[in-house]
Amino acid sequence: MSQFWQSLQGLRSRILPFAQRTLIFRRVSSFKLLLISEQKRDYNVALIGLGWRGYRTHFLSLVDSPSVSVVAVCDTDQNTLQSFSAQHPTIHTYSSITQLLQHHTLDFAVLSVPHAFHLDCVVALSEKGVPILKEKPVAESCDEYSQMRNFSVPIGITFQKRFEPQFLHLKSLLPLIGDATAIQASLTLNITHLDENWRADTGVGVTVCNLHYEASGA
């Protein structure tokens with residue numbers, strides 16, 4: 001029996017180092033695979049429209065994201081593009097979507113332009129197979145909505161206010177009052193020289209009508 005155990009111990013002493021090396025290798029390999037799987041890929045994104053919402057909400061939220069690369073922006077206002085380039089000289093600027101799409105392959109685009117130009121921009125982006133995240137409204141008419149439903153690319157509508165500090169704070173307070181059945185709120189905006197603003201030429205409606213839409217899901 002002692003001879004048997006001696007033989008077994010000898011076999012163990014030869015196998016164990018190999019088994020340990022194999023186990024370590026498997027652990028290292030698994031860890032490398034885990035790191036690879038957890039690495040977030042960069043999404044190449046373009047912003048169409050650099051107004052208040054396009055720049056202050058979307059661009060500033062995306063520019064420092066580790067998983068997104070804002071590769072280009074587009075706006076028809078040359079002064080806006082010049083001002084943007086002065087602050088962000090490494091990001092390409094274009095005055096038309098056609099020019100932008102000729103130079104960049106995008107994973108998706110964020111669309112923040114006046115309502116009347118939504119459909120034209122969506123058509124241009126969808127023809128190149130670019131998924132779109134756009135500002136509300138979904139469409140300005142039933143016919144326009146029907147057209148957008150037939151596009152082959154995903155089209156998302158933003159609910160950006162649910163991520164703004166005041167809405168997040170409101171959400172954090174809800175557990176203090178229990179189950180809320182209704183919330184009444186007002187959101188107002190004073191636009192100086194409204195007659196010179198693009199909103200004056202469209203049926204944009206009053207902001208309070210859009211509050212439930214903008215904060216939906218908050």
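## The loop holding Pro137

Pro137 lies in the loop that runs between strand E5 (132-134) and helix H6 (142-149), where helices (H or I, at least four residues) and strands (E, at least two) are DSSP runs numbered from the N terminus. The peptide bond that leads from Lys136 to Pro137 is cis, with omega near 0°.

This is a predicted model, in which local features need pLDDT of at least 70 and side-chain atom pairs count only at pLDDT 80 or more, while totals for chains, interfaces and linings use all residues. Residues are numbered from 1 along each chain as its sequence is written, and side-chain values use heavy atoms, with hydrogens and water left out.

## Overall layout

The protein chain has eight helices and six strands, and from the N terminus on its elements follow the order α-β-α-β-α-β-α-β-α-β-α-β-α-α. Of the 218 residues in the protein chain, 29% are buried; here buried means under 20% relative accessible area, exposed means over 50%, and partly exposed covers what lies in between (1.4 Å probe, protein chains only).

## The nonpolar core

A nonpolar core is a set of buried Ala, Val, Leu, Ile, Met, Phe, Trp, Tyr and Cys residues joined through side-chain atoms within 4.5 Å. The largest such core has 21 residues, and those with the most contacts inside it are Ile48, Ile97, Leu100, Leu101, Leu106, Leu111 and Leu125. At least two residues of this core come from each of strand E1 (43-48), strand E2 (68-74), helix H4 (97-103), strand E4 (108-111) and helix H5 (118-127), and H5 gives the most, with four residues.

Leu106, one of the residues with the most contacts inside the core, sits in the loop between H4 and E4 and is buried, its relative accessible area being 9%. In sequence Leu106 and Asn44 are 62 residues apart, yet in space their C-alpha atoms are 5.2 Å apart.

Val70 belongs to strand E2 and counts as buried at 13% relative accessibility. From C-alpha to C-alpha, Val70 and Leu47 are 7.5 Å apart in space, although 23 residues separate them in sequence.

Thr93, by contrast, is found in strand E3 (residues 92-94) and counts as partly exposed, with 27% relative accessibility. The C-alpha atom of Thr93 is separated by 5.7 Å from that of Ala72, which is 21 residues away along the chain.

## The aromatic cluster

A pair of aromatic rings is described by the distance of the centres and the angle of the planes. Rings of Phe, Tyr and Trp (its six-membered ring) pair if their centres lie within 6.5 Å, and planes under 30 degrees apart count as stacked, over 60 as edge-to-face and the rest as tilted. The structure holds three aromatic pairs, among them the stacked pair of Tyr55 and Phe59, with 5.2 Å centre to centre and 15° between the planes. Tyr55 and Phe59 are separated by about one helical turn because they are four residues apart in helix H2 (residues 52-62), and both are buried.

Phe59 also pairs with Phe84: the ring centres are 5.1 Å apart and the planes stand at 75°, so this pair is edge-to-face. The pair links distant parts of the chain, since Phe59 is in helix H2 and Phe84 is in helix H3 (residues 78-87), 25 residues apart. Phe59 has 0% relative accessibility and so counts as buried, while Phe84 is buried with a relative accessible area of 3%. Tyr55, Phe59 and Phe84 form one aromatic cluster.

## Cysteines

The structure holds zero disulfides, a disulfide being a pair of cysteine sulfur atoms within 2.5 Å. For Cys74, the closest cysteine sulfur is that of Cys121, and the separation of 7.3 Å is too far for a bond. Cys74 is buried, with a relative accessible area of 4%, whereas Cys142 counts as exposed at 66% relative accessibility.

## A nonpolar surface patch

Leu173, Leu176 and Ile177 make a nonpolar surface patch of about 330 Å², with accessible areas coming from the Shrake-Rupley method with a 1.4 Å probe, for which only the protein chains shown count as cover for residues. Patches are made of residues with over 30% relative accessible area and no salt bridge, like charges being joined within 9 Å and nonpolar side chains (Val, Leu, Ile, Met, Phe, Trp, Tyr) within 5 Å; a salt bridge is a side-chain nitrogen of Lys or Arg within 4 Å of a carboxyl oxygen of Asp or Glu. Leu173 is found in helix H7 (residues 165-177) and is partly exposed, with a relative accessible area of 35%.
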